[in-house]
Every structure is written in structure tokens, then in C-alpha cells.
Amino acid sequence: MSEQSTINKLIEMRLTAMANALIIQSEDPKLKDVSFEDRLAMLVDIEYSSRKSNRLKRLIKNAGFDQPEASVVDIDYTSGRKLNKDLILRLATCDYITEYLNVFITGATGSGKSYLACALGMEACKHFYNTKYVRMPDLLLDLKMAREENHFKKTLGKYANPTLLILDEWLLLTPDEYEQQCIFELLHRRRKKSSTIFCSQYRKEGWYDQLGGSASPLADAILDRIIHDGYEINIESIDPTKDISMREVYGLKSKQK
């Protein structure tokens, strides 16, 4: 069997990285004395690494991060905010995902909530967890349109199925009764099966009122499905008189929160 025939078969089987590596091997005289087993191992390693790299790229792309450049390594701990570095580094290991725990990130506009959430989301992708980022207003609009077009269940699955869901602008606006039903259904399906990062301008203590308080039959049910299992990061200014927007720190002035 000719080497070109082998290369063609590798390409046909979509083992393109291995095929390209084999071509390089055949043109490198230094590899003539390398054993067959070692050369084969080299080819397999290259194909394996290529596939993992491509998988990571797909996960990041499909996540739809608002800030895809966000990184845990680049989090600024010297900008006058109270940040628990030890907790953030612990969350970066993604152990909370294996335990089906949530993360609650609260703070004022411009405090860096979205950046931190996307940075943790990037770590989840690096651990090859299926991740999805969405703004709460966009999610509710998507579900409403899906209901009208008779594919609600499929659209709900788009947000219920990811191992990690990042809900930005959580309860920024008070949801109406139908929107609360959508939220309840989503969180009920994710409970004890996955993890969710909630980014909100309101602390957890204010979520009940944002959901309509005692006037809402679903407020307690929604909160019961999330608040008992999670880590809380409340981003506060050490000196409010010297506040600086984290969009400015991270060069995100032209982007949304």
C-alpha cells in the first residue's frame, strides 16, 4: 500500500491532522530511524491535540460570550473592588460544576460582573463543559417567540441543557407572570443537573421583591430552586468616592455591561 493511499484514507476518515503529520514525517530524514511505534504515537498525539483544540474553539463559539476575551488570569484585584481572590480561583477549577452548584455575582453597573462571569465561563469551556451565555431579556424574548412559533420545548432545551448557563442581567426588569413561568420551568429543569451563574445588580435579598413578592405565586418556587445551592460574590467598592467603571479598566467602553 502506497503512503499516498494511506494519507488519502486518513483524510477521508477526517483524520486530517494525522494525515498532515504523516506527510511531514515522510519528508523529515531525522525520523527515518525512529521506531514505528514512536512515529505512530506522534501521529496519534497530533490528531488528539488537534481535535481537543477544535472542540474547545467550538465550545467557546457556541457559548456566545458577551466578552470572549475575558480571562481569570486577567482579573484586576487592584482596582478598588472587594473581590475574594481565593474563592474566584477555587471557582476557576470548576469543581462547583461537578457538584451542580450555582454562582451568584452581584454588584453595581460597571463593577465587572459580566467580565467575571465570562471568565469563569471560559474556564468551564477549557474543562470541556458545554456552556451558554445569555442576557435575561434576550432569553425571555427568545422563549416568547418560540411559544408563538410552536417550538418552545426545543428553545427551552437550548438553555436548559448546557452544563453551565450564564444568566446576565438577572432580574434587571421585573418579569411578568408569563415570564416567571418560563423562568420557573427553566430553573426547574436545570436543578441538580447543572450549574448556573447569575449576574445581577440586586443582591439575593432583593430578588423576592423583583419577582413580585407575595403577589407572585411563583416567587418562592423560583428562588427555592436556586438560592440554597451556590457561592456568592458581591462586588463592592472599597472607596465609593473613587469608583471607576470596570468597562474602562478592561477596555470595554463600547460594549454592553
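1. Helix 7 (residues 136-148) lies across strand 3 and strand 4, at about 95 degrees to strand 3. Helices (H or I, at least four residues) and strands (E, at least two) are DSSP runs, numbered from the N terminus. Axes are lines fitted to C-alpha atoms, for helices over the stretch in contact; angles run from 0 to 180 degrees between N-to-C directions.

2. This is a predicted model: local features need pLDDT of at least 70, side-chain atom pairs need 80 or more, and totals for chains, interfaces and linings use all residues. Residues are numbered from 1 along each chain as its sequence is written, and side-chain values use heavy atoms, without hydrogens and water.

3. The open sheet has 6 strands in the order 1-6-2-5-4-3, with mixed pairing. Strand 1 and strand 3 (131-135) are the edges, each pairing on one side only. Two strands pair if DSSP finds at least two bridges between them. Helix 6 (residues 113-126) packs on this sheet and touches strands 2, 3, 4, 5 and 6. Contact means heavy atoms within 4.5 Å. The direction of helix 6 makes about 170 degrees with that of strand 4.

4. Look at strand 6 (residues 230-237). Strand 1 pairs with it in the antiparallel sense over 2 bridges; Lys82 is the partner of Glu236. Strand 2 runs parallel to strand 6, joined by 6 bridges. There, Asn102 partners Gly230, and Val103 stands opposite Tyr231.

5. Most residues other than glycine have a negative phi. Cys94 has a positive phi of about 70 degrees. Cys94 sits in the loop between helix 4 and helix 5. Lys192 also has a positive phi, near 65 degrees. Its loop joins helix 9 and strand 5.
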